[in-house]
Amino acid sequence: MFESKSGVLFIAGLLFFAIAFLSNAVLPALMYQHLEEKTAEQLVNANLRYQFEDLAQRFPESFKEHIGTPPEEEEKAAEWYDEQCADMLRLGRDIYVGEGCWHCHSQFVRPVSNESERFGPVARSEEYQNELQRPVLFGTRRVGPDLSRESGRRSSDWHAVHFFKPTDLSPGSPMPEYPWFFDGDPAKPNRRGLALLTYVQWLGSWLDSYPYYEDYEESAIAQLERRADDEAREAATAGDEPEGEKANEELTDE
Amino acid sequence: MTTQSNAAEQTPHQTVPNHAELVDERIVCWYFFAALIFFFASLAGGFLMAFQLIRHNPLNGIEFFSPGRWRMVHTNAIAYGFLANAFLGMLHWVVPRLTLKPVLDKRLSWFIFAAWQVVVGATAVGILIGHAQGLEWGETPVWIDPLAQVGLLLVAINFMAPIISQQGPIYVTLWYFIAAFIWTFLTYAMGNFVPQYCVSGSSAGAVGGLFIHDLVGLFVTPLGWGMMYYFVPIMLKKPIWSHGLSLVGFWGLAFFYPLQGIHHFLYTPIPMFLQYGAVMSTIAVELVVMTVVINFFGTIWGDGKAFWENLPIRYFYTGMVFYFITCAQCALQVTLTFQQLIHFSDWVVGHAHLVMFGVFSMWLLGVMTYLFPRLLKKEWYSRTMCEWHFWMSAGGLAVMALDLTLAGLFQGWSWMGLEPWEHSIEVSQPFWVTRIFAGMAMALAQVIFLCNLYMTWAKSPAKVEEPTGAPATA
């Protein structure tokens, strides 16, 4: 059996694969069956809507050109914003995937390694139960920071400039430039740029802790390093004084 | 070895068809050429990203050369362009010679060849125009997935035909190949369709992890080991050390390997008991791997000279050493303790290079080194260039893997110590610069290989030592 065609084919090839698929894939799917999968429309919340309308304020011309003008009537305008916002979320997610953002930025906060101090609340299953997480964008590498609690932390202006030329805001950043999200100027995001801004401002907008700012104490090591730096600087300035005089003073004191 | 090859040895020239009837050498060649072309595409992607990381990317800000997109080309070109093409070329040599039956249909073979290049080429183009799918190692745009799926089915049919015709117990290599044909088809289907169309969120993460893992474990690994079980005994002219260990190795891998996918997403919202399960089975498979490695070192025992004199053997055993290192590393890094520190860091990137380049690419380059003289009917133009190809590939990879592993530790400590984010970037710079130089050595090695190949092809035909046993015995 262990060396026969059918043994290899049916037991190793099909049976063992099936066991793994049932235990590692079907089981979690069944466990989360009760969680409703949200559509992009259902994901539009008040925080995100605020950010989206904020885009219309900050980039009025671009918004008008690439997304449109809301209807005059207030109720219809609200509906219109909701619809557009959901569309932009979907497009923004496609761009986030297509540009490979998720290969350098994760979207989950672990309960270890001080991550909840740096990024915010630890990730929970229900956060990922929506159409924008098909396939889920947990990510496996962090060149840049986690983005799952990014919403509201920085303004859309900041993000626009950062996408256009990251080093203008984060000197030394290895993040590539994305001028193709703009019509030649960080003040003029195009449809793709507006979509990505919407998407980034969505990440974490559903949390009670919104907006989550980095809120952590300076670590012991960082404190030591800073103190060492300060001392070195003091020593350097002290060293500027002519040493002879100092020695003389000491002598006279005695 | 099995009764199969013993029987063949006892009746040498009776019913054994000759090599030319079995193997279509041209298609082997073409697969190898295609593989090498995609290898260079992958190298280009790696360099773009590497230069971006050290902040000296001359092409920064050009959409078509976006490092983010090329990073995906980098991994996909290696998996589907280099490894898959080279494996298919190898299969066209090994399967007919081992079964003494040609593949199902030679026209089908050529159709598959053309179709596969379309699939891989379209994947590259699709990714470069921004249509990637959000699944690691499976960024192939969703509109290509069904085509790739059909391609994999045809591959399985084409090679299973001669294998099915075998009577009685079959040789180890064929266990691995049969399993690989089925697993690759199932893995691709599972990974590319389930998390896209059936489930989302944490469940999709579980399937995604399973896919990343199975692609290496159930497509690349079985084809690689099957290939080793075929070439190593032929080149050393003696059977595998222990048939029993071969059995343990295969069945252990078949059972434990598919259970581990979730270990790629430890500390995610995926249920903790599933994460523990994945960790346990990962450690279990490392023990199984030990048996396979022991088996191969038992085989070469007493023939140590072959390691230095026989270049393909050197490639194979170097790959096995890297494999052992990878797996030993894996048993440690999969634990939750290690994960706290090294997850998300360059440690993992180093690990991936160790497997994909150090093991499987080295093995396939070894197979090419062995087969090209037989395919072109000429000795290598320059043995020295072959040596350079080996040492620069192996040396470059060793430096890169060590470098990235260390970088991962420093990054992990920086993050854990709540240093400002920029600190982890600055700390990485010397490592990233070193990585570029290691990568350059590896790339230059392949350029030397290409030059050597061209010179070999261009030189006048000469007699070549016949591959082991003119009748296709082994």
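Which residues touch the most other members of the largest nonpolar core? In this predicted model, they are L83(B), F177(B), A179(B) and W363(B), out of the 201 residues that make up that core.

**Around W363(B)**

Setting aside its neighbours within four places in sequence, W363(B) is in contact with G224(B), M227(B), M228(B), Y315(B), F316(B) and G319(B).

| Helix pair | Crossing angle | Axis distance |
|---|---|---|
| α3(B) and α4(B) | about 160 degrees | 7 Å apart |
| α7(A) and α9(A) | roughly 125 degrees | within 10 Å |
| α4(B) and α8(B) | roughly 40 degrees | within 11 Å |

Helix α3 of chain B covers residues 25-53, and helix α4 of chain B covers residues 67-99; they pack at an angle of about 160 degrees. Because angles over 145 degrees count as roughly antiparallel, α3(B) is roughly antiparallel to α4(B). The crossing of α3(B) past α4(B) is left-handed, and their contact has 20 nonpolar, nine polar and one charged residues.

Helix α4(B) also meets helix α8 of chain B, residues 201-236, with the axes crossing at roughly 40 degrees. That angle makes α4(B) oblique to α8(B), and this crossing is left-handed.

Over in chain A, helix α7 (residues 156-164) and helix α9 (residues 191-202) cross at roughly 125 degrees, which makes α7(A) oblique to α9(A). Their crossing is right-handed. From α7(A), the contact uses S156(A), H159(A), A160(A) and F163(A), while α9(A) brings G193(A), L196(A), L197(A), V200(A) and Q201(A). These residues divide into five nonpolar, four polar and no charged.

**Where the chains meet**

How many residues of chain A are in contact with chain B? There are 65, and they touch 73 residues of chain B. On the chain A side, α1 (5-31), α5 (74-98), α6 (115-118) and α10 (220-240) each supply at least two residues. The largest share, 17 residues, comes from α1(A). Sorted by class, the side of chain A that touches chain B has 35 nonpolar, 17 polar and 13 charged residues.

Methods: Residues numbered from 1 in each chain as written. Chains lettered and ligands numbered in written order. Predicted model: local features only at pLDDT ≥ 70, side-chain atom pairs only at ≥ 80, totals over all residues. Core = buried A, V, L, I, M, F, W, Y, C linked by C-beta atoms within 7 Å. Buried ≥ 20, exposed ≤ 12 C-beta atoms within 10 Å, placed from the backbone. Contact = placed C-beta atoms within 7 Å. Helix = DSSP H or I, 4+ residues; strand = E, 2+ residues; numbered from the N terminus. Nonpolar A, V, L, I, M, F, W, Y, C, P; charged D, E, K, R; others polar. Axes fitted to C-alpha atoms, helices over the stretch in contact; angles between N-to-C directions. Parallel < 35°, antiparallel > 145°, perpendicular 65-115°, else oblique. Left-handed = near helix turned anticlockwise from the far one by under 90°.
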